[in-house]
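Please look at the chain below, first as a whole and then residue by residue. The report that comes after it is meant to be read with the structure in view.

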Amino acid sequence: MKKIVETIGFLVFIQGVGGLLYEWTGWFRLWAVVRRIDFLSEHGLFVSIVLIVTGAAVMIAADAIKT
């Protein structure tokens, strides 16, 4: 269970990084899931930062899970 939560946190973190790279450079169009969701695409920079923070928090919180 701990590895699954860490993996989910890592994927969320990577989506945030990909979204930031897309906002700043225009690259990583395939990775930027935020760009594909219409109601989130207007606030891409903010949502990407939130994804990075959320992904990091989930990865840190995974340490509290006892197997």
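## The chain as a whole

This is a predicted model, and the chain averages a pLDDT of 87, with 96% of the residues scoring at least 70. Among the elements of the chain, helix 4 has the highest mean pLDDT, at 94, whereas helix 2 has the lowest, at 77. Where pLDDT is low, the predicted coordinates should not be read in detail.

The secondary structure comes to 4 helices and 0 strands, so that the elements, read from the N terminus on, run α-α-α-α. Taken along the principal axes, the C-alpha atoms fill a box of roughly 40 × 20 × 15 Å. Of the 67 residues of the chain, 21% count as buried, and the accessible surface comes to about 4,900 Å², of which 71% belongs to carbon and sulfur atoms.

Helix 4 covers residues 44-61. With 18 residues at 1.5 Å a residue, helix 4 should span 26 Å, and this agrees with the 25 Å that separate its end C-alpha atoms.

Which residues of helix 4 are buried? They are Gly44, Val47, Ser48, Ile52 and Gly55. Because these residues cover an arc of only 145° around the axis, they lie on the same side of helix 4. An α-helix has 3.6 residues a turn, so residues three or four places apart point the same way. The buried residues of helix 4 pack against helix 1 (2-25), helix 2 (33-36) and helix 3 (38-41), while on the other side of helix 4 the residues Phe46, Val53 and Ile60 are exposed.

Ser48 has its place in helix 4, and because its relative accessible area is 1%, below the 20% under which a residue is called buried, Ser48 counts as buried. The side chain of Ser48 reaches the backbone oxygen of Gly44 at 2.8 Å. When residues up to four places away in sequence are not counted, Ser48 touches Gly16, Gly19, Leu20 and Val34.

Gly55 also has its place in helix 4, and with a relative accessible area of 0% Gly55 is buried as well. Leaving aside the neighbours within four places in sequence, Gly55 is in contact with Gly9, Val12 and Phe13. Gly55 and His43 are 12 residues apart along the chain, and their C-alpha atoms are separated by 18 Å.

## Gly19 in helix 1

Is Gly19 buried or exposed? Gly19, which lies in helix 1, has a relative accessibility of 3% and therefore counts as buried.

Gly19 and Leu45 are 26 residues apart in sequence, yet from C-alpha to C-alpha they are 7.2 Å apart in space.

Key:
Residues numbered from 1 in each chain as written. Predicted model: local features only at pLDDT ≥ 70, side-chain atom pairs only at ≥ 80, totals over all residues. Heavy atoms only, no water. Helix = DSSP H or I, 4+ residues; strand = E, 2+ residues; numbered from the N terminus. Buried < 20%, exposed > 50% of the residue type's maximum accessible area, 1.4 Å probe, protein only. Polar contact = N/O pair within 3.5 Å; in protein donor to acceptor, adjacent residues only side chain to side chain. Contact = heavy atoms within 4.5 Å. Expected span 1.5 Å × (residues − 1). Arc of directions from axis to C-beta. Areas by Shrake-Rupley, 256 points an atom, 1.4 Å probe, with all protein chains shown as cover. pLDDT = per-residue confidence, 0-100.
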